[in-house]
Amino acid sequence: MARKEQQLPLFGNLSSQPMWLGWFTDRKAPGMVMYDRTLLTIILGLMAVGFVMVASASMPEAYAMTGDSNFFVKRHLAYLLGCVAIAVVVMKTQVETWQRYSGYLFLTVALMLVAVLFVGKNVNGSTRWLSFGLFNIQVAELAKLAFCAYMASYLVRRHQEIKGAAWAFMKPILLLGLFAFLLLMQPDLGSSVVLFVIVIGLLFLAGARMIEFCGLLTMGVVLIITLAVTSSYRWKRVTSFLDPWENPFGEGYQLTQSLMAFGRGDWFGQGLGNSIQKLEYLPEAHTDFIFAVIGEELGFIGVIAVLVLLFSLVFKALKLGSQCLANDKAYSGYLAYGIGIWFCFQTGVNAGASIGMLPTKGLTLPFISYGGSSLWVMTAAAFLLVRIDFELRKSMIQATQVKR
C-alpha cells in the first residue's frame with residue numbers, strides 16, 4: 001500500500017512492461033517506472049510517421065536516381081537503427097555529464113565546422129558535410145545540440161552576471177557570431193538563424209536586461225536582412241516567396257509546386273502514396289518539402305495531426321524546463337528550454353516555407369524529413385529530454401521519501 005502512495009502520475013508496475021524499460025527504473029524502487037510515457041510515445045510516433053512519409057515521398061526520385069525505388073527507404077531504416085543506439089547511449093548518460101563536458105563538445109563541433117570548409121563534401125553547391133566512410137555528418141545539426149548544451153551550462157555559471165554585466169551578456173553573442181560565420185561560409189543561413197533564436201530565447205528566459213535583449217534582437221534582424229540583400233542567391237529566395245507565380249518555372253518553381261500539392265490535398269488528401277507532385281515535379285520532396293507531400297496525400301487533417309505531434313513535443317520540452325527550474329535543476333531546465341525552442345522554431349520555418357509564408361531556408365521538418373544527421377541529432381536531443389524527465393522524477397521520489 002505504501003508503494004502505491006509513492007507512485008507519481010504516469011508511473012506503472014514493471015510486471016506489465018517490456019524488459020528494456022528497466023533503463024527507466026530505480027533499483028531502490030523496482031516497482032516504479034520513472035519515465036514520461038506520453039513523451040516517449042510522441043517521439044516514437046514522429047519517427048513512425050517520418051518513416052512512412054519518407055517511403056512514400058522518396059520512391060519516384062530513388063528509382064530515377066538508382067533504379068531501386070526503396071533506395072532511400074533502406075537508408076532511412078538504417079538511420080532509424082542508428083537512432084536506437086543513440087537513444088540507449090543518451091538514456092544511460094547522466095545530465096551532469098552533459099554539463100561537465102559541454103565546453104569540450106562545443107569546441108569539438110567548432111573544429112568540425114572549420115574542417116568542413118577544407119575537407120567537406122559538396123552537395124548541390126553547399127559544403128556542409130563531413131564524410132566518415134559509410135555515412136556523412138552535417139555538422140550544422142551537431143552545432144544546434146552543442147550550442148544548447150553549452151548555453152545551458154553558461155547560464156548556470158553566469159546567471160547573476162547576465163542580469164547586470166554587459167560582458168556576461170555579450171560572451172555568448174560572440175560565440176554565436178563565430179558559429180554563424182563558419183556556417184555562412186558553407187553557406188547555411190538557416191542553421192545560423194536557428195542558433196540565433198536559441199540564444200536570444202535562453203537569454204530572455206534567464207532574465208537578461210530588456211534593453212540588451214531588444215538591442216540583440218534588433219541587431220540580429222538587421223544582420224539577417226543585410227545578409228539576404230547582399231547575396232543574390234539569398235535575395236532570389238526572399239523575392240520568390242513573396243510572389244512565386246511571377247516566375248513559376250524559375251525561382252518560384254519549388255514553392256508553386258508545393259502550393260499545388262497543398263491545393264490537391266484539400267481536407268482529407270489524395271490518399272497515402274497518391275501524390276502527383278512527388279513524381280519529380282516537386283524538388284526535395286522527401287527532405288525539405290516533405291510537408292507538402294503530407295498535405296497532398298493526407299490533406300489538412302493529416303497536416304494538423306503532424307503539427308499537433310510536433311508541438312506536443314515542444315510543449316513537453318518547455319513544461320519540463322519549467323519544472324526543472326522550479327526544482328533547482330537549472331542546467332536541465334535551460335537545456336530542455338533550448339531544445340524546445342529549437343524544435344519549435346525549426347518546425348515553424350519548415351512548415352512556413354512549404355506554404356509560402358516564409359522564405360525557403362533548407363531546414364528539415366524534425367523527425368519527418370529524410371536525412372541521417374538531422375534524425376540522429378534530434379533523436380539525441382529528444383531522448384535527452386526523456387533522461388531529464390527521468391532524473392527529475394527520481395529526485396522528486398527521493399525528496400518524498402526523505403520527508404517521510
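This is a predicted model: local features need pLDDT of at least 70, side-chain atom pairs count only at pLDDT 80 or more; totals for chains, interfaces and linings use all residues.

Trainee: Fine, so how many helices and strands does the chain have?

Mentor: The chain has 15 helices and five strands, where helices (H or I, at least four residues) and strands (E, at least two) are DSSP runs numbered from the N terminus.

Trainee: And what share of the residues is buried?

Mentor: Of the 404 residues in the chain, 51% are buried, with buried meaning under 20% relative accessible area, exposed over 50%, and partly exposed in between (1.4 Å probe, protein chains only). If you take contacts (heavy atoms within 4.5 Å) with a sequence separation of 6 or more, residues 24 or more positions apart account for 69% of them.

Trainee: Let's do helix packing. At what angle do α2 and α13 pack?

Mentor: Their angle is about 160°, and the axes are 10 Å apart; axes here are lines fitted to C-alpha atoms, for helices over the stretch in contact, and angles run from 0 to 180 degrees between N-to-C directions. That makes α2 roughly antiparallel to α13, since angles under 35 degrees count as roughly parallel, over 145 as roughly antiparallel, 65 to 115 as roughly perpendicular and the rest as oblique. The crossing of α2 with α13 is left-handed, a term used if the near helix is turned anticlockwise from the far one by less than a right angle, with right-handed used if clockwise.

Trainee: What kinds of residues make that α2 and α13 contact?

Mentor: The contact of α2 with α13 divides into 16 nonpolar, four polar and two charged residues. In this scheme Ala, Val, Leu, Ile, Met, Phe, Trp, Tyr, Cys and Pro count as nonpolar, Asp, Glu, Lys and Arg as charged, and the others, Gly among them, as polar. On the α2 side the residues include L39, I42, I43 and L46, and those they meet in α13 include L309, L310, L313 and K316.

Trainee: How do α9 and α14 pack?

Mentor: Helix α9 (residues 189-205) and helix α14 (residues 330-354) pack at about 140°, with axes 9 Å apart, and that makes α9 oblique to α14. The crossing of α9 and α14 is right-handed, and the residues of their contact divide into eleven nonpolar, three polar and no charged.

Trainee: Switching to charges, how many salt bridges are there?

Mentor: The count comes to nine salt bridges, each being a side-chain nitrogen of Lys or Arg within 4 Å of a carboxyl oxygen of Asp or Glu. One of them joins the side chains of D36 and K316 at 3.0 Å, N to O. D36 lies in the loop between β2 (29-33) and α2 (37-66) and K316 in helix α13 (residues 290-326), so the pair ties together parts that are 280 residues apart in sequence.

Trainee: Is D36 buried or exposed?

Mentor: D36 counts as buried, at 7% relative accessibility.

Trainee: And which residue does R264 pair with?

Mentor: R264 forms a salt bridge with E296, with the closest N and O atoms 2.3 Å apart. R264 lies in helix α12 (residues 253-265) and E296 in helix α13, so this pair ties together parts 32 residues apart in sequence. R264 is partly exposed at 29% relative accessible area, whereas E296 is buried at 0%. Salt bridges that share partners also join D36, K316, D389 and R393 into one network.

Trainee: What does Q277 touch, leaving aside its neighbours within four places in sequence?

Mentor: Q277 is then in contact with Q257, M260, A261, L282 and E296. Q277 sits in the loop between α12 and α13 and is buried, with 6% relative accessible area.

Trainee: Last one: what is phi for D328?

Mentor: Phi of D328 is near 60°, a positive value in a residue other than glycine. Most residues other than glycine have a negative phi. D328 lies in the loop between α13 and α14 and is exposed, at 74% relative accessible area.

Conventions
Residues are numbered from 1 along each chain as its sequence is written. Side-chain values use heavy atoms; hydrogens and water are left out.
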